[in-house]
Amino acid sequence: MELRDVDVFLTLADELHFGRTAERLHISQARVSQVVKRQERAIGAALFERTTRTVRLTPIGRRLRDDLAHARDMFEEAITRAKGAAQGLRGSLRVGFLGAMGHEIRPLIEEFRSHHPDCEVELVESRLCDPFGLLRAEEVDVQILWLPVQEPDLAVGPVVLTEACVLAVPAESDLACLGSVAWEELDDHPVADLGCLAPTYWVEALLPRRTPNGRLIKRGPSARTVQEVLALVADGQIVSPLHQHSTRYFAYPGITYLPLPDAPNIQWAPVWSVTNRSGLVHAFAQVARNSTALRGRGRAQRGRRVAGPSAGWGGYTAGGPT
């Protein structure tokens, strides 16, 4: 079994979904199926139980997953240590972040430091209105960004966090009394304008231009940072879809957070310049690929109020933590 095939098997064992596995590995779904069938022929037993709706590991598949995961981790750690010794991994890695993401990824940063104790990590905040500016100006080595990132000069690393969206609304607005909000209801409420430096496709992953039925979502005042977005919401000028982690860090006076049950999840990943050959960057990507530090964080409960003025459940109110 080739190492690439091992990667396919272990990713499918993690995702238990052929489509997500193909997307995560940037290969076709047919390729995933071919690899699994070849592995099963070589072993002489089924590794997955497959129906039209579910994918599950067989007992043999579970044993193989455990054995291969351990072997791969040992192999990759050995390679990383060898590269580190050869390249003398020292110096400072500058990691860009948006809003509170710098704190949200601290478990990943600490894991990187534990692997490379001679390296320092410098966190640098970037602006929503220019997400790739610091990378292209070489002011950071790696930027943690939400996906998709489709820039030919930038490389995208492994997904480190998947989270739901919430809607930040003025606490005195009619929306604040609702249990949740659907995308279709946003056509009457302006959202922030992030300007022209952020690519349209990237902005619309969080702030769609139209509702699912095609109605235009108005753009309101411009905002350059997360804090400016929050200030505009609190002032009653806009509403704003935000990432789930915002409810843990921004107990902003005058703001209520509501679920967006039909909004797609947002994925975050490290991004760097394709011309950056730094061993630190690739060591960080390797740690991110193997890390489980952020798994399970940021998943909102669909259809349940995330924050608001009523009591009786955990979360943030318009005035602070409950």
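Author: We begin with what counts as an element: helices are DSSP runs of H or I with at least four residues, strands are runs of E with at least two, and both are numbered from the N terminus. The model is predicted. The protein has 11 helices and 13 strands, and 48% of its 322 residues are buried.

Reader: Where is Leu-16 placed, and what is its phi?

Author: Leu-16 belongs to the loop that joins helix H1 (3–15) to H2. Its phi is near 55°, a positive value in a residue other than glycine. Leu-16 counts as partly exposed, at 33% relative accessibility. Glu-138, in the loop between helix H7 (133–136) and S5, also has a positive phi, near 60°. With a relative accessible area of 61%, Glu-138 is exposed.

Reader: How is the packing of two helices described?

Author: Two packed helices are described by the angle between their axes and the distance between the axes. Here, helix H2 (residues 18–25) and helix H3 (residues 29–43) have axes that come within 8 Å and cross at roughly 105°. H2 and H3 are therefore roughly perpendicular to each other. Phe-18, Gly-19, Thr-21 and Ala-22 of H2 meet Gln-29, Val-32, Ser-33 and Val-36 of H3. By class, this contact of H2 with H3 has 4 nonpolar, 4 polar and no charged residues.

Reader: Which residues of helix H6 are buried, and what do they pack against?

Author: The general idea is that an α-helix has 3.6 residues a turn, so residues three or four places apart point the same way. In helix H6 (residues 106–115), the residues Leu-108, Ile-109 and Phe-112 are buried. They cover an arc of only 100° around the axis, which puts them on the same side of H6. The buried residues of H6 pack against strand S3 (91–97), strand S4 (119–125) and helix H11 (279–290).

Reader: How is a pair of aromatic rings described, and how many aromatic pairs are counted?

Author: Such a pair is described by the distance of the centres and the angle of the planes. The count comes to 5 aromatic pairs. In one of them, the rings of Trp-146 and Trp-202 have centres 3.8 Å apart and planes at 5°, so the pair is stacked. Trp-146 lies in strand S5 (residues 142–146) and Trp-202 in helix H8 (residues 200–204), so the pair ties together parts that are 56 residues apart in sequence. Both Trp-146 and Trp-202 are buried. Ring pairs link Phe-132, Trp-146, Trp-202 and Trp-268 into a cluster.

Key:
Residues numbered from 1 in each chain as written. Predicted model: local features only at pLDDT ≥ 70, side-chain atom pairs only at ≥ 80, totals over all residues. Heavy atoms only, no water. Phe/Tyr/Trp six-rings, centres within 6.5 Å; stacked < 30°, edge-to-face > 60°. Buried < 20%, exposed > 50% of the residue type's maximum accessible area, 1.4 Å probe, protein only. Arc of directions from axis to C-beta. Contact = heavy atoms within 4.5 Å. Axes fitted to C-alpha atoms, helices over the stretch in contact; angles between N-to-C directions. Parallel < 35°, antiparallel > 145°, perpendicular 65-115°, else oblique. Nonpolar A, V, L, I, M, F, W, Y, C, P; charged D, E, K, R; others polar.
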